[in-house]
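Welcome! Here is a short tour for anyone meeting this structure for the first time. Take a look at it below, and then follow the points topic by topic.

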Amino acid sequence: MPFVADILQHRSLSIVGMEKNTGKTVCLNYILRRLNDMHVHVGVTSIGVDGEQTDAVFATAKPEITLYRGSHFITSEKHYAARQLVSEIEATGGVRTALGVPVLAKVLVGGKVLLSGAATTRALLGQIALLSDAGCQVAIVDGALSRLSLASPAVTEAMILATGAAVSSSLPTLVGHTRFLYGLIGLPEVSEALKERLENIESGIWAVDKEGEVHSLGVASVFLIGDQTRELLRYGRTLFAAGAVSDRLLQALAASQEGVELIVKDFTRLFVSRQTYAEFVKRGGGLQVLRRPQLVAVTFNPFSPQGFMLDSKQACTALSEALGVPVYDVKQIER
Amino acid sequence: MKIKELIKQDEGLRYAVDSMEFMSSAGHRYALETNFETDAEGLEAEWRRTSRAVACLECSSESQPFKDLMHCLMQLHDVRSTLASLAAGIELSEVELFEVKHLAFISDKARTAIGGLDLTDILPLPDLSGVFSLLDPDHSGVDHFYIYDSYHPRLASLRQQLNGMQDKEDAASGAAELFDEIRRIEQQVCTTLCDGLKQYSSNAIKSMEQMAYADFLLAKARLCEQWGLARPVVGSQLSLEGLFNPRLKHHNEQVGARYQPVDIAACAGATLITGANMAGKTVLLKSIATAQLMVQCGFFAPAAKAVVPLFGGLEMSVGDGQNEMNGLSSYASEMVRISQILEQSRRQRMLVLIDEPARTTNPVEGKALVEALVEICQRSESTALITTHYSGLGNHCRRLRVKGFREGLSASRLSPMTINQFIDYSLEEDLDGDAPQEALRIAALLGCDAELIEIAKQKYQQSKHTQL
């Protein structure tokens, strides 16, 4: 079966949808079923709330997450109470949210569950470690790409990207968007030494000099840089943005004409348009990340929540050619 | 008053609490809920327990029981609301029942560890084995929990049936109905369990609070060890030998600067403290405040030796209280604050610390105000320490002076960063009552504007000449 064996090369995997309704949950359920057939001990957690019975935006039917006997999962106290399976609680704790404390449990009789998981990257890393400690061979994160989420799914070793007709009704636009994101996922990683120095910085823009020393620029947020771009480059051309990066910062750096190397935590912190990024690169700029997940597959959902459908075969071929990797229609491979 | 309110007023106490290494949020919460005590017996008992904890750290921190206790405290969850629900007869969810079982599990382990450390007399934990037995019907001995099959004769077979349906991927309504039936039975079991557990609720609360206290006590003992704190003795007069300000001391150590502890004693009534600018008068008052608050909150003192009276409270006026929002100037804010302090100190025996009162008004009236303040404090049962730059105050009270600048200073060696190397912060009895007049010298040593200093010197000489 395609790509499922690749997952086993990694201890953690996230499934990230480019938009809502790109088939992320279908993909997750497919993987869970396949791994169960292979007797792999899996653990599942998520970012934010997922596995809702109906989609909050379009109210279309949304598949639930099905877990099998022996697997572990983490969800909030509230959603634990609503589970449709029999499970044994092994631990509680961590960061309490509006939905109660996170609960780690082992499935005794398989069934369906609502996942509501980590709100921050730190909490997510803790949950992945907890699942590993519980003996899970692979920890799967039901991810999300959102400006609103502080937790980044890119902390997992491997990633599956779910795209689909929900991204755009036009195939060329869909291919363009997906190729752009695919490029960002593949951004080069910084050296281990530099990664160690930068990974615990939580906010602001920092300079990295030629010796790899990190200097504070006294800029708390990218929104505060104003016209100080030159001032930002006083230690050299390499900068590190600890938070989200918007078009505005890239535009300012592109305008400096200095060929700035900008380091971000991971691709999920980039909220930039294709045009701005292209302009930034054209002016000699480059992007690097602290962590790059290994992309093990791209999946495609031909159905859009508005009701139209793209030709699955044609779209998968177009995407596959553009990305240079196989693209799977999860509904098709399920059959 | 509780520590959580006091740390808003005193940075030193906040620094102490922030520096404590708690194993659990419950321990931290316990610290914040700790009261400022005025009862000698209660404080003596707390210091005795702290001494025992310090001794335990010294002798047993590498022992297995100690490691076990730390491990238990790390796993302690603050489940007060769950326990309150249990006591009130509110039905608990499965997750809450897990938390109760987890508490009983670690309480039992902590109890054994505390016994192994010979600390049972100061940290007695109630026996929660009854709780654990109820929640561990299969005698698994682990703290995992669910509504076990053995709780109800039908559960096992129903679940087996459900499992069979899952294997066949039969998502028909049959499975949903079966699941509802299982849920109904689970609910019944929960109700029965909660009824059975209710009798243990007060012991469970005691256990939770006692483990939180153990965490607080051990964190306090670690602080004693790390900071070199001294066990205080209750006495009628305040006497702090080798007093230090932990925050400043650690800062100086970090930047490689010297830190000088000081000795200070003060009895009921007023003590006036003079000293040059930058001689550490404000820091001295803040250090005394932190020491007194720590001691009366059950900590050891940041000093080599501490004899302390137990005051009804501590009142302090330091710094510029100017607040544009309430329309009060620096002077007005200060006078309002001092009035409050005097009112308090008339009611009960207080420790009163006032830094340079009336410094922002004209010197003639300012001096009169300070004299009046000292006179009132001198008559009071409270212990008041008042710093000032005013010379020739007509009061008869105890006077101390910060020794201040050592002679033979060379201006080239001085900077705001190095200045503390040239100051002797120790206190001496001041017999003549004249405040040091070193403001111009210090400004010159700091390399301030030469013209300003030169003209000021000329004016100063002229005024001295006129006075003669």
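This is a predicted model: local features need pLDDT of at least 70, side-chain atom pairs count only at pLDDT 80 or more; totals for chains, interfaces and linings use all residues.

**Salt bridges within the chains**

- B:Arg111 is partly exposed, at 34% relative accessible area, and B:Asp127 is partly exposed as well, at 40% relative accessibility.
- Over all chains, the count of salt bridges comes to 33.
- One of them, in chain A, links the side chains of A:Glu213 and A:Arg197, at 3.8 Å from N to O.
- Because A:Glu213 sits in the loop between β11 (205–208) and β12 (214–219) of chain A, while A:Arg197 sits in helix α6 (residues 192–198) of chain A, the pair ties together parts that are 16 residues apart in sequence.
- A:Glu213 counts as partly exposed at 41% relative accessibility, and A:Arg197 counts as partly exposed at 41% too.
- Back in chain B, B:Arg184 forms a salt bridge with B:Glu181, and their closest N and O atoms are 2.9 Å apart.
- Both B:Arg184 and B:Glu181 lie in helix α10 (residues 173–197) of chain B, three residues apart, which is about one turn of the helix.
- B:Arg184 is partly exposed, with a relative accessible area of 42%.
- There is also a network in chain B: B:Arg29, B:Asp78, B:Arg80 and B:Glu209 are joined by salt bridges that share partners.

**Where chain A meets chain B**

- In this interface, 22 residues of chain A are in contact with 18 residues of chain B.
- The two chains bury about 1,700 Å² between them, and 55% of that is on carbon and sulfur atoms.
- How many salt bridges are there between chain A and chain B? The count is one, and it joins the side chains of A:Arg83 and B:Glu94 at 3.0 Å, N to O.
- Five residue pairs are in polar contact between chain A and chain B.
- On the side of chain A that touches chain B, α3 (77–81), β6 (84–92) and β7 (102–113) of chain A each supply at least two residues.
- The largest share of that side comes from β6(A), with nine residues.
- By class, the side of chain A that touches chain B has ten nonpolar, six polar and six charged residues.

**A covered strand in chain A**

- Chain A has eleven helices and 19 strands, and 56% of its 335 residues count as buried.
- Strand β2 (residues 42–46) of chain A is mostly covered, with five of its five residues buried.
- A:Val42, A:Val44 and A:Ser46 point one way from β2(A), whereas A:Gly43 and A:Thr45 point the other way.
- β2(A) runs parallel to strand β9 (residues 138–142) of chain A, joined by five bridges, and A:Val42 has A:Val138 as its bridge partner there.
- β2(A) also runs parallel to strand β5 (residues 72–76) of chain A, joined by two bridges, with A:His72 as the bridge partner of A:Gly43.

**A covered strand in chain B**

- Strand β4 (residues 269–274) of chain B is mostly covered, with six of its six residues buried.
- β4(B) pairs in the parallel sense with strand β8 (residues 383–387) of chain B over five bridges, and B:Leu272 stands opposite B:Ile386.
- β4(B) pairs in the parallel sense with strand β9 (residues 398–405) of chain B over four bridges, where B:Leu400 is the bridge partner of B:Ile273.

How values were computed:
Residues are numbered from 1 along each chain as its sequence is written. Chains are lettered from A and ligands numbered from 1 in the order in which they are written. Side-chain values use heavy atoms; hydrogens and water are left out. Buried means under 20% relative accessible area, exposed over 50%, partly exposed in between (1.4 Å probe, protein chains only). Two strands pair if DSSP finds at least two bridges between them. Contact means heavy atoms within 4.5 Å. Buried area is the accessible area (1.4 Å probe) that two parts lose on being put together, summed over both. A salt bridge is a side-chain nitrogen of Lys or Arg within 4 Å of a carboxyl oxygen of Asp or Glu. A polar contact is a pair of N or O atoms within 3.5 Å; within protein, one must be able to donate a hydrogen and the other to accept it, and residues adjacent in sequence count only if both atoms are side-chain atoms. Ala, Val, Leu, Ile, Met, Phe, Trp, Tyr, Cys and Pro count as nonpolar, Asp, Glu, Lys and Arg as charged, and the others, Gly among them, as polar.
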